[in-house]
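Here is a walk through a two-chain model, written for someone just starting out with protein structures. Keep the picture open while you read.

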Amino acid sequence: MPVKISTRNIYKNYGAVEALRGVSIDIHEGEVHAICGDNGAGKSTLIKVLAGVEMPDRGEVVIDGAPCRFTTPTESLKAGLATIHQDLAVAARMSIYENIFMGAELTKNVLGIRMLDKKKMRQDAAGYMSQLNKSITDMNIKVEELSGGQRQAVAICRALRWNANIVILDEPTAALGVRETEQVLELVRSLKQSGKTVILISHSMKDVVAVADRVSILRNGQNQIDLLAADLSADRLSHYILSGEVEQVQA
Amino acid sequence: MIPKHAIEKYGTLFAGLVLFAFLMVFAENFASTANLLNVLKQVSFLMVLSIGFTFALIASELDLSFANVCSLSAVVIGSLMQAAYPWPLAVSAGLAMGLFAGLLNGYLVTYLKVPSLISTLGTASVANGLAFMITGGVAFVGRWDPDFLFLGRGKIGPVPVIILFTLAIVALSFFLSTQTKTGIHLQATGENEEAARRSGINTRKSKILGLALSGLAAGLTAVFLVANLSSAAPQMAGDFLLNGIAATLLGMTMFTPAKPNILGTIVGALIIVVLSNGLVLLGAQYYIQDIMLGIIIVASVAVSASVLKRAAFAL
């Protein structure tokens with residue numbers, strides 16, 4: 001598969017703290033690419049750069065061969081890159097369809113006035129949702145009434161709604177139980193099946209091993225190891241993250 | 001059995017209807033046409049002010065300045081009328097004053113990052129001071145242009161103009177808050193600012209809009225108040241502060257529980273005015289009203305909080 005998105009030599013400092021010190025990762029189209037690393041390794045900062053929340057001091061993001069510069073989250077979204085943050089993704093007291101269409105609501109023209117087209121939004125939302133989770137059919141339900149896994153599905157639907165080709169999942173299973181985690185991993189697989197490129201940030205080695213095609217390990221703001229996920233075990237991955245060493249670089 | 005969520009959504013409305021029926025039967029003169037029209041007129045002022053407060057609260061900002069801003073707008077209108085300027089100019093100036101105060105609050109909250117609780121408290125005090133400065137502490141009273149007074153006292157058929165204006169404002173506000181992109185962006189900003197921002201919503205704009213609408217509503221109410229009384233004085237809208245907050249918070253116990261909403265605010269304002277009116281007719285002492293207001297404010301939030309808590313525990 002061709003390379004879909006790359007980060008090239010990205011640097012980002014916060015005052016004296018060097019959060020990123022030259023991160024270069026190639027992510028291939030249609031693959032699930034996991035980014036791992038201990039706390040403080042630079043994962044969050046990298047995601048913020050990709051999502052347009054932070055601007056890099058140096059380096060660039062390249063999508064489909066074209067360099068991009070994101071100064072706002074909207075610019076990142078328009079470039080086809082949707083980021084799903086672990087806690088910040090949904091407004092709990094709003095309905096499923098309102099969350100899916102947040103910031104991109106559909107309208108219809110009634111006597112020259114642009115009104116929300118709630119019916120169309122509900123229909124389309126149900127369409128997106130059926131790709132991911134067949135058990136949720138009522139789009140009027142408030143997100144606070146959903147389980148953690150179902151909430152992630154809502155957040156991912158929003159990414160689909162933006163026609164994002166690249167979906168970044170930031171710790172999607174961090175707060176979830178076993179069964180919900182399995183639901184989210186299933187969501188990741190459906191995303192891949194529909195041809196999306198997925199960037200997965202996770203602390204859970206088990207999850208990474210279960211769904212990722214490639215893994216990049218960040219340490220001290222640099223990507224030290226890039227490898228194929230096949231044949232990788234969770235234990236071995238933990239060892240790499242902690243030691244920063246790998247016997248044999250595969251990718 | 002009545003389902004629990006029906007009680008949550010319509011319980012307060014039902015209680016309001018019971019109160020209304022009770023007063024119809026037991027309070028002398030309550031049911032008279034004159035009194036009911038008076039109630040509707042009184043509720044007009046409160047409704048418009050509370051709708052403004054509600055818009056700010058939907059965006060999760062508190063506007064504690066609306067009553068004093070309303071008084072200041074009133075005084076601005078009064079001073080221009082007194083100086084014999086044409087009434088459309090006086091009205092425009094009053095509206096502009098309210099809008100400006102709202103925009104200022106929005107600026108303080110979004111650009112200078114002063115929490116609205118503090119910034120609007122400051123604006124309230126400044127507005128109060130300015131109102132006294134403009135009037136020199138006395139009231140403007142005059143025989144003003146009848147066309148201007150028509151805004152506050154006129155009738156079309158048997159219906160006071162002011163009630164028609166209020167109906168129009170209610171309809172417009174309800175439409176804006178529930179049927180437009182602007183309205184839903186306001187709500188998304190209030191519900192989860194970070195999520196809204198990352199979905200591409202201009203949350204700063206939403207917050208400024210919420211507070212600006214509150215200011216504008218204060219200006220509008222000032223026009224009606226001054227035209228109705230044919231006078232303007234500092235602190236003339238002071239009593240509306242607690243009433244407006246109570247109406248909005250009471251409204252949050254209705255229709256979309258624990259969320260500020262225009263429809264709830266309207267019913268909340270009706271209940272509060274009917275209650276005050278009923279208490280007077282039943283011969284209650286004036287201080288009973290303040291006690292009732294305090295209880296309504298705290299109880300409403302307690303009810304809303306219990307809805308919120310249950311939702312949180314359901315996770």
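The angles themselves run from 0 to 180 degrees between N-to-C directions, with axes being lines fitted to C-alpha atoms, for helices over the stretch in contact. Helices (H or I, at least four residues) and strands (E, at least two) are DSSP runs, numbered from the N terminus.

This is a predicted model, in which local features need pLDDT of at least 70 and side-chain atom pairs count only at pLDDT 80 or more, while totals for chains, interfaces and linings use all residues. Residues are numbered from 1 along each chain as its sequence is written, and chains are lettered from A and ligands numbered from 1 in the order in which they are written.

**A helix pair in chain B**

Look for helix α2 (residues 33-58) and helix α10 (residues 203-229) of chain B: their axes come within 7 Å and cross at roughly 170°. That makes α2(B) and α10(B) roughly antiparallel to each other.

Which residues meet here? From α2(B) they include F45(B), V48(B) and F53(B), and from α10(B) they include L213(B), A217(B) and F224(B). A contact means that the C-beta atoms of two residues, placed from the backbone, lie within 7 Å. Sorted by class, the contact of α2(B) with α10(B) has 16 nonpolar residues, five polar and no charged. For these classes, Ala, Val, Leu, Ile, Met, Phe, Trp, Tyr, Cys and Pro count as nonpolar, Asp, Glu, Lys and Arg as charged, and the others, Gly among them, as polar.

Now for α10(B) by itself. Just after α10(B) comes S230(B), with a positive phi of about 55°.

S300(B) sits in helix α13 (residues 286-313) of chain B. Is S300(B) buried or exposed? It has 23 C-beta neighbours inside 10 Å, so S300(B) counts as buried. Leaving out residues up to four places away in sequence, S300(B) touches L249(B), L250(B), M252(B) and T253(B). M254(B) is 46 residues from S300(B) in sequence, yet their C-alpha atoms are 9.9 Å apart in space.

**The sheets of chain A**

Over in chain A, six strands form an open sheet in the order β6-β9-β10-β3-β11-β12, with mixed pairing. Its edge strands, each pairing on one side only, are β6 (81-84) and β12 of chain A. From one strand to the next, the twist averages 20°. Two strands pair if DSSP finds at least two bridges between them.

Here are some of the strand pairs in chain A, including one from another sheet:

| Strand pair | Sense | Bridges |
|---|---|---|
| β11(A) and β12(A) | antiparallel | six bridges |
| β9(A) and β10(A) | parallel | five bridges |
| β3(A) and β11(A) | parallel | four bridges |
| β1(A) and β2(A) | antiparallel | nine bridges |

β11(A) and β12(A) make a hairpin with two residues between them, and N220(A) in the turn has a positive phi of about 50°. Five of the six residues of β11(A) are buried, so β11(A) is largely enclosed by the rest of the structure.

The other sheet has four strands in the order β2-β1-β4-β5 (chain A), with antiparallel pairing. Its edge strands are β2 (17-28) and β5 (66-68) of chain A.

**Where the chains touch**

Finally, 19 residues of chain B are in contact with 19 residues of chain A. On the chain B side, α8 (181-191) and α9 (193-198) of chain B each give two or more residues. That side has seven nonpolar, six polar and six charged residues.

How values were computed:
Angles under 35 degrees count as roughly parallel, over 145 as roughly antiparallel, 65 to 115 as roughly perpendicular and the rest as oblique. A residue is buried if 20 or more other C-beta atoms lie within 10 Å of its own, exposed if 12 or fewer, and partly exposed in between; C-beta atoms are placed from the backbone.
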